[in-house]
Amino acid sequence: MEADDVLVIGAGPFGLSISAHLSHLGIEHRIVGSLLDSWLQHMPKGMFLKSEPYASDMASPVPGCDHDAICRLHGIDYEARCRPVSLERFLDYAQWYAATLVPDVTDDVITEISATGDGFRISSAGAPPRTARKVVVATGTLPYAMLPAELGAAPADLVTHTADHHRLDRFSGRRVAVIGGGQSALETAALLHESGSDPVLVVRRPALHWLVPNPARLGWLGRLRRPANKLCEGWHCAFWNSPAAFRCLPKDYRLTKARSVLGPAGAWWLKDRVEGVVETVTGHVVREAVPHGAGVRLVLDGPHRSMLDVDHVIAGTGFRVDIARLAFLPNPVLAKVAIAGGYPVVSRAGESTVSGLYFAGAPTAASLGPSMRFLAGTHAGVRQLTCSLARSLRIRRSLLEASDAPMTTFSGAGSV
């Protein structure tokens, strides 16, 4: 059975960044997954990233692999601030990053991980079983897409999640309800309107929440007042972007902040495409979704409307981490992983309570901070994770070499 030192599951931003760092450290490994699948197949065509251009890149072990680099490569003027990055431009960057730093992604699906005496046995859909001494789970947020229970009575083909759609023009001419008030819901509603649909936003809060734009330029005094990092700008961002600081908080508080920091809000540049353009029902909660004719009837609880009839419902209700939803982790392995609120409890380096099993990205937010939900988390967490793997493997190798070395015997002066 073939063996790997490290198996990285997932070929999104975290998996790619981890693989690039491992290669730079000289650690043999294998990365398995469909390259950038979530971004290529589950992000709507025409969307823009919420992060600033200077924060729309992945951590790299070498300089010159940031968003500025892809702009120089294509002869595009680079502006670091206050210009949203399109999905197409980010994909150009991410695919270039992968081709440059991670050229050997195995396009396969891991079906099961089981613990062995010296690591893990790995089963996949397209290859014979292998073993790995260390495993890093970097599968992104897609497995955790959340559909509220109140939408469960409607047919699955009439109620979907924002992550289910890459092209929204298929809804042209149709009445579509979008549930939620975060960036995903708001941008989906805007794109639906712009592709010829008739969307209606249903939001439980009394008003939509829009982010205030960052200053176009920061002088030395501005940088002192609101230091910027890959997560956001301001002194509070320095704390939320620091896993070491975040780990000092009480466990229950960490769980709350892992989900709520930089919570549902629309980017400043999206406001004019939604307010006064897309029909919006605020202060209403969806109590039930039931089939009605060829579409769906939403039963609402709010001051102005009690029901809403639409052709389709798209839930922009975000993601809720629960690693029990990872089908490749069987119960014997899950039972040994300490879990808090669906999140695995991990060390500063991302290692779970199962020795050699690491997590990266959103599942580590409750242990390492909210930056792990975003591209910023690659900068805050990947180097520590990969250095931990390298150190562990080198210690193991040294011990094996020492145990294989021939023993030398000595005779004392009084030997017979």
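**How do strand E4 and strand E5 pair, and over how many bridges?** They pair in the antiparallel sense, over 6 bridges. This is a predicted model, where local features need pLDDT of at least 70, side-chain atom pairs count only at pLDDT 80 or more, and totals for chains, interfaces and linings use all residues. Residues are numbered from 1 along each chain as its sequence is written, and side-chain values use heavy atoms, with hydrogens and water left out.

**View 1. Strands E4 and E5 form a hairpin.** Strand E4 covers residues 110-116, and strand E5 covers residues 119-124. Helices (H or I, at least four residues) and strands (E, at least two) are DSSP runs, numbered from the N terminus. Two strands pair if DSSP finds at least two bridges between them. The hairpin connects E4 to E5 through 2 residues. Look for Glu 112: its bridge partner in E5 is Ser 123.

**View 2. An open sheet has 5 strands.** The order is E7-E14-E8-E9-E10, with parallel pairing. Strand E7 (159-161) and strand E10 (279-282) are the edges, as each pairs on one side only. From one strand to the next, the twist averages 25°; axes are lines fitted to C-alpha atoms, for helices over the stretch in contact, and angles run from 0 to 180 degrees between N-to-C directions. Inside this view, strand E8 (residues 175-179) and strand E9 (residues 198-203) run parallel, joined by 5 bridges. Ala 177 stands opposite Val 200 in E9.

**View 3. Glu 2 and Arg 130 form a salt bridge.** A salt bridge is a side-chain nitrogen of Lys or Arg within 4 Å of a carboxyl oxygen of Asp or Glu. Here the closest N and O atoms are 3.6 Å apart. The partners sit 128 residues apart: Glu 2 lies in the segment before strand E1 (3-9), and Arg 130 in strand E6 (residues 130-137). Glu 2 is exposed, at 54% relative accessible area. Arg 130 counts as buried because its relative accessibility is 16%. (Buried means under 20% relative accessible area, exposed over 50%, partly exposed in between; 1.4 Å probe, protein chains only.)

View 4. Asp 68 is partly exposed, at 22% relative accessibility.

**View 5. Arg 273 and Glu 194 meet in a salt bridge.** The N to O distance is 2.8 Å. Arg 273 lies in the loop between helix H9 (251-260) and E10, while Glu 194 lies in helix H5 (residues 183-194). Glu 194 is partly exposed, at 46% relative accessibility.
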